[in-house]
Amino acid sequence: MKIGIDLISFHTPSYVLDLRTLAEKRGVDPDKFVIGIGQERMAVVPPDQDIVTLAANAALPLLDKAGRDNIELVIFATESGVDQSKAAACFCQGLLQLPSACRCIEVKEACYGATASLRMAAAMVAARPHTRALVLAADIARYDLASPGEPTQGAGAVAMLVSAHPRVLALDPETGFYTEDIMDFWRPNYRDEALVDGKYSTRMYLTTLLEAWKNYKAASGRALLADHAHFCFHLPFTKIAYKSFERLCKAEGVPLPSKEELDRLLEPALLYNRQTGNTYAACVYEALASLLDNAPGQLDHQRIGLFSYGSGCMAEFFSGVVQKGYRQHLFTDAHRAMLDSRTPVTYRQYEDIFNYGVPKDGADHVFAPYRGGPFRLAGIKDHKRRYEAK
Ligand code: CAA
């Protein structure tokens with residue numbers, strides 16, 4: 001039985017900061033951001049959007065296309081949770097009018113949460129093949145202003161419908177994972193901004209990539225280049241995809257492909273992240289959407305290698321086979337139109353939005369409407385978040 005991603009849809013906020021603007025303000029050569037880390041723009045999240053609205057905005061087109069019948073599981077992966085108790089998936093169940101005979105939960109392991117969710121969803125569908133599962137991944141990447149992490153901020157959400165008749169990507173059962181208890185990136189409950197040891201986290205990302213690959217290779221017997229047509233990596237910044245691929249080639253004793261071949265293998269998956277910045281849990285699936293939407297040739301029957309990394313840390317290398325006719329089930333035009341129609345913000349507007357503090361004293365609050373998708377956070381009343389459809 002094939003199990004995998006039936007539909008995949010991506011959403012990012014309607015405001016964006018050009019990293020050249022940030023570089024000028026910080027007195028940094030813009031090439032450091034654009035070439036050195038490989039980022040051009042980062043999504044800026046207006047006060048009336050949060051992970052719930054981002055995910056609901058990602059899921060709506062997918063549900064409008066596929067219907068809501070037999071969706072028995074909604075898993076929401078995030079490290080930007082809005083409540084310590086209620087799962088973000090429950091808010092989405094209401095907003096998206098999903099069936100009430102449905103399990104709704106939230107999952108966390110830094111940027112890895114969506115991969116664990118996808119595997120759990122696949123296991124449920126394997127046990128009950130007439131049912132479907134919705135995996136939502138949404139995050140807002142925030143670091144301190146003027147910190148090294150600042151240019152790697154971003155935001156976005158991915159929604160994936162998992163079924164036993166996947167029209168987009170059938171997951172291979174073989175997978176390789178690796179975990180280690182480390183402190184490379186974390187966010188204590190009292191902070192809105194993540195703490196990170198950037199160089200260490202990059203080193204651990206690359207180390208765990210090799211461990212996860214080794215376990216995947218042992219499980220699948222597949223070769224790096226002969227068996228994988230493209231690769232999607234977790235993308236805290238896009239340059240890491242090149243570093244990752246180089247590491248894998250070196251570990252396998254494969255000569256590094258030419259620059260043209262490297263770009264052909266990696267670039268289509270990087271296009272969206274370069275424009276949104278880090279979307280944490282959603283990242284590797286944003287990369288998959290970007291690859292499917294933008295690969296120049298047809299990918300039917302081709303195997304994609306995927307690497308998911310969550311700080312703390314958890315890593316998994318896995319793969320899937322693109323299904324025949326996948327192109328007609330993508331949201332390519334909507335994704336491109338969304339990215340092209342974003343409103344650029346000035347540095348001042350970015351800083352104002354960054355510092356816009358939702359009251360933490362429990363006071364009621366009403367949010368002015370900003371540009372965005374169909375769902376927004378209207379306000380907080382009696383400690384309850386009030387969402388609305390526009
Ligand atoms: N022109 C071209 N390139 C330039 C340049 C210029 N003028 N100036 C610098 N560069 C290059 C540097 O040579 C370097 O390239 P290499 O890594 O290939 O040597 C690159 O730009 C970055 O320069 P620095 O290392 O000096 O940058 P930095 O000290 O400001 O830190 C960072 C970069 C570590 C990524 C930092 O942005 C950071 O901490 N980000 C947040 C954490 C992070 O993204 N960690 C990644 C793995 S953890 C993870 O995956 C989980 C997650 O999502 C957070």
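Predicted model: local features only at pLDDT ≥ 70, side-chain atom pairs only at ≥ 80, totals over all residues.
Helices (H or I, at least four residues) and strands (E, at least two) are DSSP runs, numbered from the N terminus. Residues are numbered from 1 along each chain as its sequence is written, and side-chain values use heavy atoms, with hydrogens and water left out.

Two strands pair if DSSP finds at least two bridges between them. Strand 16 and strand 17 (residues 375-381) are joined in the antiparallel sense by two bridges. To see a bridge, select valine 366 and its partner in strand 17, glycine 379.

Next, select aspartate 382, in the loop between strand 17 and strand 18. Its phi is near 55°, a positive value in a residue other than glycine. Most residues other than glycine have a negative phi, and most peptide bonds are trans. Aspartate 382 is partly exposed, with a relative accessible area of 49%. The classes are buried (under 20% relative accessible area), exposed (over 50%) and partly exposed (in between), with a 1.4 Å probe and protein chains only.

**Strand 4 and its partners**

Move to strand 4 (residues 71-77), where six of the seven residues are buried. Strand 4 runs parallel to strand 6 (residues 132-141), and six bridges join them. Strand 4 also pairs with strand 5 (residues 103-107), in the parallel sense, over five bridges. Which residues are the bridge partners of phenylalanine 76? In strand 6 the partner is leucine 136, and in strand 5 it is glutamate 106.

From strand 6, go on to alanine 146, in the loop between strand 6 and strand 7 (154-163). Alanine 146 has a positive phi of about 65° although it is not a glycine. At 53% relative accessibility, alanine 146 counts as exposed.

**The ligand**

Show the ligand and the 26 residues around it, of which Lys32, Pro148, Lys199, Ser201 and Lys243 come nearest. A residue is counted here if one of its heavy atoms lies within 4 Å. Then look for polar contacts (pairs of N or O atoms within 3.5 Å):

- Lysine 32: a polar side-chain atom lies 2.8 Å from an oxygen atom of the ligand.
- Aspartate 29: a side-chain N or O atom is 3.0 Å from a nitrogen atom of the ligand.
- Asparagine 278: a side-chain N or O atom is 3.0 Å from an oxygen atom of the ligand.

**Two last stops**

Select helix 9 (residues 283-294). Are its residues mostly covered or uncovered? The helix is mostly covered, with 12 of its 12 residues buried, including Cys283, Leu288 and Asn294.

Finish at cysteine 313, in the loop between strand 13 (303-310) and strand 14 (314-322). The peptide bond from glycine 312 to cysteine 313 is cis, with omega near 5°.

Definitions and conventions. Polar contact = N/O pair within 3.5 Å; in protein donor to acceptor, adjacent residues only side chain to side chain.
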